[in-house]
Amino acid sequence: MRGRASVSWRAKAHNRPVMASIALGCLAWAIAVPGSPIGVGFSGSETGIGAGQWALYFWEHARAVLLFDLPRLFGGRLTSISPASPGAVAAALGFRALFGLGVVEMGLTGWRRLRPNRAFHATVRGAWVWCEPLAALCGELRREGRLAAPAGRSAATPALELVKAFHHLAT
């Protein structure tokens, strides 16, 4: 187990993808809102860029991140919007970076949840904090002595049963 587990640490770890999504949405809003100083730096073939064109522009960037920019190599542009000022270029790069980090975060979260044979050593309190959000996953905890190893292998117990049984003793 990495470091000490606490309830606030677990809550922060579960909120990382949500916070990245909120940041991505706020950046997209700051770019596309009419009269935005960032959005003024973008140019398009139209006099005013509508919501549909902005949606296509953001989808184009998301698709480029997911498909490793292959659609742009083959000339697959969805909209004529392009950044024309340094602030607009920074906003477009920020959108791509946040979207790419979100994809990586979702992939890592899925891999961590589905990876078998995870093992960690913890106190009862640490096991409670670690196992409570993962109640749907199957697992087992073994209660072993502190200083002396048991003579044989200790009996396997479903994780939540052991944690519930000794939760009141946790400090």
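**Stop 1: helix 2 against helix 4**

Select helix 2 (51-66) and helix 4 (residues 86-114). This is a predicted model. The axes of the two helices come within 10 Å and cross at roughly 50°. An angle between 35 and 65 degrees counts as oblique, so helix 2 is oblique to helix 4. The crossing of this pair is right-handed.

Now show side chains at the contact. From helix 2, pick Y57, F58, H61, A62, A64, V65 and L66. From helix 4, pick A92, F95, R96, F99, G100 and V103. These residues make the contact between the two helices.

**Stop 2: the aromatic cluster**

Together, F42, W54, Y57, F58, F95 and F99 form one aromatic cluster. A search of the whole structure finds seven aromatic pairs.

Start with F42 and Y57. Their ring centres are 5.5 Å apart, and the planes stand at 75°. Planes over 60 degrees apart count as edge-to-face, so this pair is edge-to-face. F42 sits in strand 1 (residues 42-43), while Y57 belongs to helix 2. The pair therefore ties together parts that are 15 residues apart in sequence.

Are these two residues buried or exposed? F42 is buried, at 6% relative accessibility. Y57 is buried too, with a relative accessible area of 2%.

Next, centre on W54 and Y57. Here the ring centres lie 5.9 Å apart with the planes at 85°, so this pair is also edge-to-face. W54 and Y57 are three residues apart in helix 2, so about one helical turn separates them. Both W54 and Y57 are buried.

**Stop 3: A32 in helix 1**

Select A32. It lies in helix 1 (residues 7-32). A32 is partly exposed, with a relative accessible area of 24%.

**Stop 4: F68 and D69**

Move to the loop between helix 2 and helix 3, where F68 is found. D69 lies in that loop as well. Check the backbone angles. Most residues other than glycine have a negative phi. F68 has a positive phi of about 55°, although it is not a glycine. D69 has a phi near 65°, again a positive value in a residue other than glycine.

F68 is exposed, with a relative accessible area of 71%. D69 is partly exposed, at 28%.

**Stop 5: L78 and T79**

Go on to the loop between helix 3 (70-73) and strand 2 (82-83), which holds T79. L78 lies in this loop too.

Take L78 first. At 33% relative accessibility, L78 counts as partly exposed. Draw a C-alpha to C-alpha line from L78 to Q53. They are 25 residues apart in sequence and 8.7 Å apart in space. Not counting residues up to four places away in sequence, L78 touches L56, W59, E60 and R63.

Then select T79. It is buried, because its relative accessible area is 6% and the cut-off for buried is under 20%. Which backbone atom does the T79 side chain reach? It reaches the backbone nitrogen of I81, at 3.5 Å. Leaving aside neighbours within four places in sequence, T79 is in contact with Q53, L56, Y57 and E60.

**Last stop: the whole chain**

Zoom out and colour by secondary structure. The protein has six helices and four strands. Along the sequence, the pattern runs α-β-α-α-β-α-α-β-β-α. Colour by accessibility next: of the 171 residues, 25% count as buried. Finally, show the contacts between residues at least 6 apart in sequence. Of these, 61% join residues at least 24 apart.

Technical notes. Residues are numbered from 1 along each chain as its sequence is written. This is a predicted model: local features need pLDDT of at least 70, side-chain atom pairs count only at pLDDT 80 or more; totals for chains, interfaces and linings use all residues. Side-chain values use heavy atoms; hydrogens and water are left out. Buried means under 20% relative accessible area, exposed over 50%, partly exposed in between (1.4 Å probe, protein chains only). A polar contact is a pair of N or O atoms within 3.5 Å; within protein, one must be able to donate a hydrogen and the other to accept it, and residues adjacent in sequence count only if both atoms are side-chain atoms. Contact means heavy atoms within 4.5 Å. Rings of Phe, Tyr and Trp (its six-membered ring) pair if their centres lie within 6.5 Å; planes under 30 degrees apart count as stacked, over 60 as edge-to-face and the rest as tilted. Axes are lines fitted to C-alpha atoms, for helices over the stretch in contact, and angles run from 0 to 180 degrees between N-to-C directions. Angles under 35 degrees count as roughly parallel, over 145 as roughly antiparallel, 65 to 115 as roughly perpendicular and the rest as oblique. A crossing is left-handed if the near helix is turned anticlockwise from the far one by less than a right angle, and right-handed if clockwise.
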